[in-house]
Every structure is written in C-alpha cells, then in structure tokens.
Amino acid sequence: MYHVVGGGIAGLAAAYRLQQRGHEVEIFEGSETLGGLAASYDTGGDPIEVFYHHLSKSEETIVELAEELGVGDRIEWLVGKTAYYVDGVVHPLDTPWEILAYPHMSVYDKFRLGMLTMEIDVRSGIPSFDTYDDLREFEDVPIKQFLVEHTTRGVYENFFEPLLDAKFGDRKEDVSAAWLLGRIKFRGERDLLRGEILGYPNGGFDALLDPLVESVGRETVTTNTYVTDLGIEDGEVATITTDQDGKTETHETEGVVVAAMPNVLEELAGYECEIDFQGAVCAVVTMDRPLTDTYWLNIADEAPFGALIEHTNFVPPERYGGDHLLYVASYVQSDEEWLATADDDEIEERWLDAIGELFPAFDRSHVTEFRLARAPRAAPVYERGYRDMVVPYDLADDVAEGLYYAGMASEAQYPERSLDGGVEAGFECADLIAQKND
Ligand SMILES: Cc1cc2nc3c(=O)[nH]c(=O)nc-3n(C[C@H](O)[C@H](O)[C@H](O)COP(=O)(O)OP(=O)(O)OC[C@H]3O[C@@H](n4cnc5c(N)ncnc54)[C@H](O)[C@@H]3O)c2cc1C
C-alpha cells in the first residue's frame, strides 16, 4: 500500500495515476474537505473557488485528465478581459488598439514591450530571435535591471512595476528575469480582437475534482486526518503515522508521496526547502450588480489590495443565481504587515471603503455577502536562483527510499504555480514509483 499526504489536486492526481499503474493507495487529508487551495464555496448556483482560478491555453495535462475522466467537454474557453486602473480611469489592455490608446506609455515604450512579448531582442537595432531561448542565462539577473536594459524604464515603471507590486510586493526586486521570460513563454493564447482566452469548467473546478475523487474512490480518502510522522528504517520509509481527532495510528507503507507545502515535508522528513512563500488574503464579494466590465483589473493606484477580479465578467452571473461575484485579493509578504495582523472585519471595512474610493458609484448596499479566506502559503517567490531550490520528485538520495514529493515546490510548478502543475507533479511521482516497480 502506498500513501499520499494531502488531498489537494496533486495528491488526488498522484493517487489516480498510482491506481492506473496497478498500485493500492490511500490518501490522508488533514482538513474536512478535499481540493486544498482549489476548494469552493456554495453560491446561489454553481460553486465558486475560495481563491480565483482559471486555466491557460498552454496547460494541457489537466485538460487531458479532464478528458480521461469524461468531463473534458465541461472546460470552456472564454475571454478574460484585463485592464489597468490608473488615476481613476479603467484602461482596457486586451487588443492592439487598446494598448496603443493606453496613455501611460509612449509609442516607443509600446514597441519595446511588444518586441519583448514576442521574444525579439532589438537592443542592437538588429532583431535577434534567440536571445531569450536559454532561460538559465537570466536566472541570476534581477528583473528590474533586465527590463530597463531590454525594454525601457517607461515599460518597467508604467507596465511591469504595478504588476510586480501586486504579485510580489516589496520582494519584487528579488525576482529573477528568468521567471518573467518563463511567464512570457508560458502565456496562453490571445484572441487579437478580444483578449486572452482562459479556461474554466462549467460548474467550477468541482466539476473536475468531484469525478477525480470518484475515480480514485471515496473509500481511498480519509479526511480530517493529519499525517504527523514518517518512520524511516534502514534508509527506507517504512511507516506513516496519522492523527484523527487525537487518535494516533501507525500504518505500514511501501512508499509515501507528500503532496502538500514543503514545510510539511520538512516537519515529516526533515527535508529543508529554501524557497520563500508568500501568503494571500482573498475575499469573494457577492453583489447584486456588476462593479466593472473587466475580469482582471490591476490596480496601479494606491489601494490596500493588488487586483479586483470580477469573476462574473468571465463566467456569466446566471450560473450563480444572478449574483455578481468579485474577488478582492492581495498577497502578503510578511507576518507583520497590516493584512496579516488585521482581523476579517477590519479587512472587510477597509477593502470595501477602498472600492468605494476607486469607484464612486459603488455602495455598500450592493454587497450581499463578504467571505474572506487566507492562505499562509499561496505562491512561491520566484527569486533569483529559484531553480536550484526546487524539491526533487524522488527523495531517495536526499532523505529515504520510498519518499516522493509533489507540491508547490516541485519543478512542474514553475514558472507559475497552477492546478495543471499540481496534476503534473502528482503524475511524475506516480510514474517514478511505477518505474521502480517494473
Ligand atoms: C490566490 C490563489 C490563486 C490561484 N490561482 C490559480 C489559477 O488561476 N489557476 C491555477 O491553475 N492555479 C491557481 N492557483 C494555484 C493552485 O490552487 C495550486 O497550485 C494547487 O491547488 C496546488 O495543489 P496541491 O495539491 O499541490 O496543494 P494544496 O491545494 O495546498 O493541497 C495540499 C493539501 O494537503 C493537506 N495537508 C497539509 N498538511 C497535511 C498533513 N500533515 N496531513 C494530511 N494532509 C495535509 C492540506 O490540507 C491540503 O488540502 C492559485 C492559488 C492561490 C492561493
């Protein structure tokens, strides 16, 4: 029997693939629900993820999994409109002419930005098409230095800096240029006339997680059960200890996949991962009318949040009983900052006030529900040297034979952590186990 620690998408994917390869498996999930960071709230219609989620066109593993599970046709590819809020104005930035009309960058800045996004280096005046092929060359280059050298200061300050502020806060200067280039390559598909095409399952991500759980078998999963220890004998993982409401049990095991954050791996097996994580605070605001007509609004002004993500401008409100759903989200870099210490009511007050300041037509009476969630580890800080800190799938050489890791610190979660990366990491571990048993 193999064991999986964590019933998020990575753990479920690992168990699914292990079963396909003919192995018996059991999943232990500490909380009462499955899905981890992709868990959902109820609404007046379809469930909605606690933290905003969509797929990019380049993510294929999760789409293939959906097809295998017979729910591939549930994934819809929709236009997600993006815009910048600057000085009281929402500037749509999806189509070439919207970008040309954006007043906060010069025509030359836009040309340099366009060249970078097409991965063409025009620094010498003669276009070079292979400068950005090998990302390792940019691993140790700070992102700001790279952008100022490879585009212009205007592109950095007026386009990338607000995005980096929202994503990495005061850690932005630590981020590697290789990460940005990786993101540019990872970027999905654009409809030139309408904007970026993003995936979302009809019925929410539960439409994918539920059949995955059914396929793995409800009896395979034990919720409300924390894994508290791993027993290692003669260099091999031999036992796994669980705690369910104070009741401790030790099970013999053939091998363990830790499909959780790397701090769990450290607690269980002493493997230290040096990657820094940032937290996230995210609210789902239910409203009786729309706030904007944009899906993803980056706030380049002073605001106590980084982005407003109006889900029902992406997926129609009819799916939610006619309600309009807005995510208000911010990353958290340190335990001392206001967001980390404020209680839920304070955050609700300040965020709704700030929305009112940005959009004078907004009124508190439009809000029918405000639900807040926190993730202490929501995303890695993709700083310089990140690739050397990634946790290997197979920890035989580092800790013990029979120990595997599929989580946010896995290779598949670079350059962006995603559900697709979780599935890939789970599959990688299961395939390595299967190979060793062949
Ligand atoms: C704000 C935010 C926005 C995101 N946006 C997107 C997006 O748009 N698109 C996208 O694809 N992805 C997005 N993601 C990322 C995506 O949610 C994650 O990459 C993915 O869910 C990670 O899955 P996982 O299984 O590796 O980890 P998790 O979902 O964290 O699952 C780990 C599980 O392990 C359990 N666990 C921990 N310790 C123990 C223990 N000792 N014993 C038993 N169980 C334990 C936890 O309870 C948890 O359920 C977003 C994430 C966040 C936070």
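In which strand does H3 lie? Select H3 to begin: this residue belongs to strand β1, residues 2–5. Helices (H or I, at least four residues) and strands (E, at least two) are DSSP runs numbered from the N terminus.

The model is predicted, and local features need pLDDT of at least 70, side-chain atom pairs count only at pLDDT 80 or more, and totals for chains, interfaces and linings use all residues. Residues are numbered from 1 along each chain as its sequence is written, and side-chain values use heavy atoms, with hydrogens and water left out.

H3 is buried, with a relative accessible area of 1%. Here buried means under 20% relative accessible area, exposed means over 50%, and partly exposed lies in between (1.4 Å probe, protein chains only).

**Second stop: the ligand**

Display the ligand next, together with the residues around it. A residue is counted as near if one of its heavy atoms lies within 4 Å of the molecule. Of the 28 residues around the ligand, E29, L37, H53, H54 and L419 come nearest.

Now show the backbone atoms of I9, L37 and S418. A backbone N or O atom of L37 lies 2.8 Å from an oxygen atom of the ligand. For S418, the corresponding distance from a backbone N or O atom to a ligand oxygen is 3.1 Å, and for I9 it is 3.2 Å. On its own the ligand has 1000 Å² of accessible area, of which the protein covers 92%. These areas come from the Shrake-Rupley method with a 1.4 Å probe. Two or more residues of the shell around the ligand come from each of the elements α1 (9–20) and β12.

Follow β12 into its sheet. Three strands form an open sheet in the order β12-β13-β14, with antiparallel pairing. Because β12 (226–233) and β14 (247–252) stand at the edges, each with a single partner strand, one side of each is left without a neighbour in the sheet. From one strand to the next the twist averages 25 degrees; axes are lines fitted to C-alpha atoms, for helices over the stretch in contact, and angles run from 0 to 180 degrees between N-to-C directions.

Two strands are taken to pair if DSSP finds at least two bridges between them. Strands of a sheet pair through backbone hydrogen bonds, either parallel or antiparallel.

Select β12 and β13 (residues 236–244): they pair in the antiparallel sense over seven bridges. V227 stands opposite T242 in β13, and I232 has V237 in β13 as its bridge partner. The hairpin of these strands has two residues between them, and D234 takes a positive phi near 50 degrees there.

Move on to β13 and β14. These strands run antiparallel and are joined by six bridges. T241 faces T250 in β14 across the pairing. β13 and β14 also form a hairpin with two residues between them, and D245 in the turn has a positive phi of about 50 degrees.

How many disulfides does the structure hold? The structure holds zero, where a disulfide is a pair of cysteine sulfur atoms within 2.5 Å. C273 is buried, with a relative accessible area of 16%, and C282 is buried at 1%.

K167 lies in helix α6, residues 153–168. Is K167 buried or exposed? K167 is buried, with a relative accessible area of 16%. Show the side chain of E416 as well: the side chain of K167 makes a polar contact with it at 3.3 Å. A polar contact is a pair of N or O atoms within 3.5 Å; within protein, one must be able to donate a hydrogen and the other to accept it, and residues adjacent in sequence count only if both atoms are side-chain atoms.

**Last stop: two loop residues**

Select V315, in the loop between β18 (307–310) and β19 (324–332). V315 is buried, with a relative accessible area of 1%. V315 and D94 are 221 residues apart in sequence and 18 Å apart in space, C-alpha to C-alpha.

Finish at M118, found in the loop between α4 (107–117) and α5 (143–150). M118 is exposed, with a relative accessible area of 52%. From C-alpha to C-alpha, M118 and A39 are 35 Å apart in space, and 79 residues separate them in sequence.
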